[in-house]
Amino acid sequence: MEAQSAERLLAVRVADGDRHACAELVHRYHAQVYRMMATLCRDEHQAEDLTQETFAACWAGARGFDGRSSLGAWLRRIAYHKFIDSLRRRRLAPPPATVDAPEPVDPARPVDALLADEAARNLRAAVDALPAGGREVIVLHYLEGLSFREVAYVLDEPAGTVKWRVSAALGELRRLMKDAMET
Amino acid sequence: MDDHDFDSSNDTGELAEFEERLRRLPRPPVPPGLEDRLLAQIPAAPPRRRLRRVGPSIAAACLAAAAAVALMIVLRPAPPAIRSLATDLPAAKQCAAPQASAPIEEPAAPLPSTEDVMLAIEREGRAARMLALADILDAHPSGREQAKLNRRYVLSAYGDTRAAKALQDQPRPNTPTTNKENSNG
């Protein structure tokens with residue numbers, strides 16, 4: 001409850017044009033918003049542009065934060081709408097991946113590290129291969145760590161629908177991984 | 001093996017492990033300097049959204065008020081005397097312009113005499129005044145009888161037999177005005 005009040009207070013301060021509050025918001029959430037955008041867009045330049053658009057919309061509409069969700073979920077909701085808007089503007093399928101995940105390699109165990117990296121790369125490829133609707137819920141729930149309720153808030157869908165979509169996407173993901181292993 | 005078999009054949013442990021792998025999937029790195037760029041984007045002055053909001057609000061309020069006034073004017077009921085005269089008065093019908101929907105071939109009604117027209121105007125004015133007075137009197141308990149009387153006079157003047165009979169039957173404590181039409185009907 002205290003965290004909610006603090007977030008609401010931060011949103012009010014942002015709405016009042018408090019630069020320190022805006023800076024705090026950027027500091028807290030810019031990485032989360034950017035990573036979500038980068039995973040959804042698979043284009044680092046577009047992800048950065050959309051992150052900037054998201055925060056610009058936040059400065060203008062911080063008064064719209066009603067405290068029904070966390071501030072992070074509210075920002076991701078704005079970000080998600082920006083992402084959808086960008087898709088509509090381009091009227092194109094998302095471009096191919098240009099965002100590379102970090103490749104941590106443990107020098108002491110190079111073989112294990114390479115195997116783990118290979119598995120992660122396969123999983124990432126499978127996530128990217130998911131249809132857009134499935135990829136969104138997987139990214140928001142598993143990669144962004146949002147609860148079903150928060151994902152429902154971001155996507156503006158009932159929580160039950162989100163659960164069903166996550167389950168279906170998970171099944172599809174496992175099927176893709178199994179196919180990749182067999183081939 | 002189809003999807004269903006695949007799903008059902010895996011235990012929850014395997015599913016949980018798969019979900020955990022998803023959660024541990026490396027995230028894209030944040031480009032250096034992004035935070036600084038976002039900080040530079042913060043507006044220097046408080047957002048002008050309040051001013052922007054006030055403008056449309058005032059405009060919307062003015063528009064709503066104008067629309068309400070226009071609606072009141074359009075929907076304002078016409079005075080009963082005018083309504084009844086427009087529909088009932090034979091002389092008024094004769095004076096009225098031919099309707100747009102009337103067939104062109106229909107022979108035009110003969111022009112009323114000047115005396116008829118003057119009589120109709122007088123009746124119209126008297127009836128309108130009496131009905132307006134009746135509306136005013138109706139607002140006061142002591143004036144309701146007088147209002148009823150006024151209305152009966154008007155109705156009987158336009159041929160309402162029930163009103164004329166009621167007028168004859170009742171005692172006449174107050175006669176609102178001398179009525180030329182009543183002497184005829």
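The structure is a predicted model, in which local features need pLDDT of at least 70, side-chain atom pairs count only at pLDDT 80 or more, and totals for chains, interfaces and linings use all residues. Residues are numbered from 1 along each chain as its sequence is written, while chains are lettered from A and ligands numbered from 1 in the order in which they are written.

Helices here are DSSP runs (H or I, at least four residues), numbered from the N terminus. Two pairs of them are set side by side below, with axes fitted to C-alpha atoms over the stretch in contact and angles running from 0 to 180 degrees between N-to-C directions.

| Helix pair | Axes | Angle |
|---|---|---|
| α7(A) (residues 148–155) and α8(A) | within 8 Å | roughly 105 degrees |
| α2(A) (residues 19–41) and α4(A) (residues 71–90) | 10 Å apart | about 35 degrees |

Let's start with α8(A), residues 159–182. Val162(A) and Leu173(A) are among its buried residues (20 or more other C-beta atoms within 10 Å of their own).

Because of their angle, α7(A) and α8(A) are roughly perpendicular (65 to 115 degrees). Residues of α7(A), including Phe148(A) and Leu155(A), meet Ala159(A), Val162(A) and Lys163(A) in α8(A) (contact means C-beta atoms, placed from the backbone, within 7 Å).

In the other pair, Tyr29(A) and Met36(A) are among the residues of α2(A) that meet residues of α4(A), including Leu75(A) and Phe83(A).

Definitions and conventions:
A residue is buried if 20 or more other C-beta atoms lie within 10 Å of its own, exposed if 12 or fewer, and partly exposed in between; C-beta atoms are placed from the backbone. Helices (H or I, at least four residues) and strands (E, at least two) are DSSP runs, numbered from the N terminus. Angles under 35 degrees count as roughly parallel, over 145 as roughly antiparallel, 65 to 115 as roughly perpendicular and the rest as oblique. Two residues are in contact if their C-beta atoms, placed from the backbone, lie within 7 Å.
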